[in-house]
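User: I want to learn to read this model one feature at a time. Please give me the general idea, then the case here.

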Amino acid sequence: MMYSMNKGAVVTINNHKTIGRWVRVLAAGVMGVTLGTTVLSTAAGAASTPGVTSSSISIGATVPLTGPAAPGYDEIAPAMNAIFAWANAHGGVNGRKIKYTYLDDGYNPANTATLTRQLVLQDNIFADVGSLGTPTQTAVQSFLNSQKVPQLFIESGCNCWSSSKYPESSGWQPPYTVEGKILGAYIKAHFAGEKVGYLTQGDEFGQDFIKGLNMEIPSTSVVSRQTYDASTLAGPLSNQVAALKAAGVQVVAMATIPAATALAMLPAAAIGYAPQYVISNVGADAPTVGPLLSSFTAKGGGTAAQAAAAGGLLNGVITDSYFAPENDVSNPWVQVEKKILEKYAPSLYAKSGLDGNTQYGVALGYTFIQALQAAGKSPTRAGLLAAIAKSGKSFVTPGYVPLSYTSSVHYGYQGAEVVKLSTTAPPAVTPSGSWIGGTAVGPIETTNVGSGPIVTYKGKVSTPPQKLASTS
Amino acid sequence: MIRHLTLTLFAAAILYFVTSALSPYDDFLVGEIALYLIALAGLSLLTGVNGQISLGQGAFMAVGAYTMALLMTHTKLNFTIELVAAIGAAAVLGLVIGIPATRLKGPYLAGMTLLLALALPPIADKWNGTFGGDQGLTTTVPTAPGTINSEQWLAWIEIAGALLTLVLLANLLRSRFGRSFRAVRDDEIAASLAGVHVARTKVTAFVVSAGCAGLAGAFLGLSTGVVNTGEFPLTLSIQLLAAMVVGGTGSLMGMWWGAILLVYLPQWSTSLSGHFNLGSGVSAYLAIIIFGAVLIVVMMVAPTGIQGGLRRVWGLASRRWSRLSSVGPAPTTTAPTTTAPTTGSSSSRHVDDRDGQ
């Protein structure tokens, strides 16, 4: 406490010393910045098309590898890399090997903004392919478009990717509104007169899904609308489930992430409430939701037998699917996906096996390979977009319906079939165990995010080309 | 005041040349350093100089960012006015939170500010019509003059904001307010006996700190190009606090180190893991591991942070030098020994030193 006694004197000294210290610390700061930047600065060669050399093509993405969104979603980019490794092992695309750099943004848009600039301005990627998330990719949409960098096949079903304002951006999976319409129409047709309730995530995911449901289900039969907040999702959704039960809801339509599906089904079972569940694709992947049901039961004090039985809650759940699910082992696409993952991503396959996420990655990666092929021998960014707009519809992919890309439509699949999970269907077998499989209960249908009708798809369902099927 | 301004202009000139020489990507990172510097400087004032711990700096940043983005969406106001409004809105919330906070100390205050960081994002999700929900609100950087690329222009705006903030804070800390801040931190009873209004001083510190966070948040919104809740997770507030400790709690200039670490550590760790071909399971966590290691090492080697450590090294070196050069007749440069008691010389200088600069 000495200093307070002769404070005045010390302050005087400080004033004498001030200028020197300012110089020092400012200089230190500036030097630090300079040092930091020179370490990283690399003289980027001015190629005619960024990221393209005679023997390689660099693409990049930002995905969550850590944080709350990582479980499951962290499998997609490595699975994409598996199909790229297959292409590279077979001579590459038009003689160029694909170099795929995926960086972890932890699902935080501020990180996405920085890392995407790193990929574009420093690593000189040709295109951003297969980046994940609505909030994260919204954050870089304007930057990528202003830099004229293709933002391809965004892993999100937001309705926001097809816009004339952002010609470089495009989605890939069916928009949530399309899923909502198809499932809504199924509810209207098969559960007429029953009371319907909604349980949705309180963001665009939930709202876009509801938009689709509302186009099909008469508003008079919707008696309860419940939401949850994804960022604070920690415990059972008991209140929402109790409200649905109290309102006498017989059919619950859900737009939920896998954890939320489990956190709704468990408290419902606990209070003896067994409605018909109709769940959007992302929230009903049995190899993802099944283990969650078991582990939450065990954490909640359930016995081992109860935990093992919890996966059975998925029996009877109705969902939708836009490519053959993993348990359909006779499907040639599923066989190819399994072979490619086994051979080109052995550690991923040992950990996750074939599930909704790894299948998704392989299918999306294969879509890009064809886009690159269509872009020709000397690809440019504009040429790639033009190729997708021109021939995207004829790309051969695992999807049930063809991709719907044109110069103005930047959505991928706009169709799906309704599937029922059932103990009588062949199970999905993964390294984590054997999970309930699904069977189709309706035809493959297509529609759009607007008021377009739902049409039964009459076209052909693709089969894998010979070069892919013969992979060994 | 004049000195601070001259030196700031000097720093601005250097940074002008640095940003001109760098690639657009590095300019972007320099801009990010500037914006984190602003948030850290405010936090350093609140926690280091005034002794109030806050885990809510990220929440104040969110308020500033949303204020600016809402004004950009609904009005055609001048950009500067939007920034001032962002600072103002965060400062008003700082006032609202600061008043009850005067009654809380230590972990209780940390708990209250933590609550703020947790409670604000759901509000934006709840009224997503206003706040844009998941997608958020888009922001636009004013058009760059001439042929300057947009990254460099953004960096200049952010650097200008950071230097202005540092000048104002440095002057504030040198004024009566600064002395009151420190007096309250060291001993509230003694401070009030000396005539310092303790509660008012604490609230002032809160308001100033929140205002800084508001500006930093607005800049983060500009850098990102969009403002949504995902940008302001709880980890942001915690990282800011940790970066402040590493830089040197209570120091303004030490915040340079904190900001540089926040921005460049993930970069370095990415190139490091690329260099050693680390698997994604390791590389994803490498930045946070290094950050933790740096925090531990700095606390062991230099408990007053990087800035405190450097100052100690500098002090030792200059004392040795002055001893060597004071063979001559008048040892004028060793003034401290004449005013400070010999026993407490280094520690007393140290305590007063870390405030302000």
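User: In which sort of crossing does α5(A) pass α10(B), left-handed or right-handed?

Analyst: General idea: a crossing is left-handed if the near helix is turned anticlockwise from the far one by less than a right angle, and right-handed if clockwise. In this case, α5(A) passes α10(B) in a left-handed crossing. One caution before we go on. This is a predicted model: local features need pLDDT of at least 70, side-chain atom pairs count only at pLDDT 80 or more, and totals for chains, interfaces and linings use all residues. Residues are numbered from 1 along each chain as its sequence is written, while chains are lettered from A and ligands numbered from 1 in the order in which they are written.

User: At roughly what angle do the axes of α5(A) and α10(B) cross?

Analyst: Helices (H or I, at least four residues) and strands (E, at least two) are DSSP runs, numbered from the N terminus. Axes are lines fitted to C-alpha atoms, for helices over the stretch in contact, and angles run from 0 to 180 degrees between N-to-C directions. Here, helix α5 of chain A (residues 109-122) crosses α10(B) at roughly 50 degrees, and their axes come within 9 Å. That makes α5(A) oblique to α10(B). The cut-offs: under 35 degrees is roughly parallel, over 145 roughly antiparallel, 65 to 115 roughly perpendicular, and the rest oblique.

User: Which residues make the contact of α5(A) with α10(B)?

Analyst: Two residues are in contact if their C-beta atoms, placed from the backbone, lie within 7 Å. From α5(A) come Pro109(A), Ala110(A) and Ala113(A). From α10(B) come Leu220(B), Ser223(B) and Thr224(B). The class count is 4 nonpolar, 2 polar and no charged residues. Nonpolar means Ala, Val, Leu, Ile, Met, Phe, Trp, Tyr, Cys and Pro; charged means Asp, Glu, Lys and Arg; the others, Gly among them, are polar.

User: Now a pair within chain B. At roughly what angle do α8 and α10 of chain B cross?

Analyst: Helix α8 (residues 176-186) and helix α10 (residues 198-224) of chain B cross at roughly 110 degrees, with axes that come within 10 Å. So α8(B) and α10(B) are roughly perpendicular to each other. On the α8(B) side, the contact uses Phe177(B), Ser180(B), Phe181(B) and Val184(B). On the α10(B) side, it uses Val198(B), Thr201(B), Lys202(B), Thr204(B) and Ala205(B). That contact has 5 nonpolar, 3 polar and 1 charged residues.

User: Backbone angles next. Where does Asn94(A) lie?

Analyst: Asn94(A) lies in the loop between α4 and β2 (97-104) of chain A. Its phi is positive, about 50 degrees, although it is not a glycine. Asn94(A) is partly exposed, with 13 other C-beta atoms within 10 Å. Asn124(A) lies in the loop between α5 and β3 (127-129) of chain A. Asn124(A) is partly exposed, with 19 other C-beta atoms within 10 Å.

User: Which domains does the assignment give for chain A?

Analyst: Domain bounds come from an automatic or database domain assignment. For chain A it gives domain 1 (56-174 + 329-414) and domain 2 (177-321 + 417-448). Their centres, taken over C-alpha atoms, are 28 Å apart. The contact between them takes 17 residues from domain 1 of chain A and 17 residues from domain 2 of chain A. On the domain 1 side, helix α14 (residues 346-352) of chain A gives the largest share, 3 residues. By class, that side has 7 nonpolar, 8 polar and 2 charged residues.

User: How many helices and strands are there in chain B?

Analyst: Chain B has 16 helices and 2 strands. Buried residues are 52% of its 357 residues. Chain A has 17 helices and 15 strands. Of its 472 residues, 55% count as buried.

How values were computed: Buried ≥ 20, exposed ≤ 12 C-beta atoms within 10 Å, placed from the backbone.
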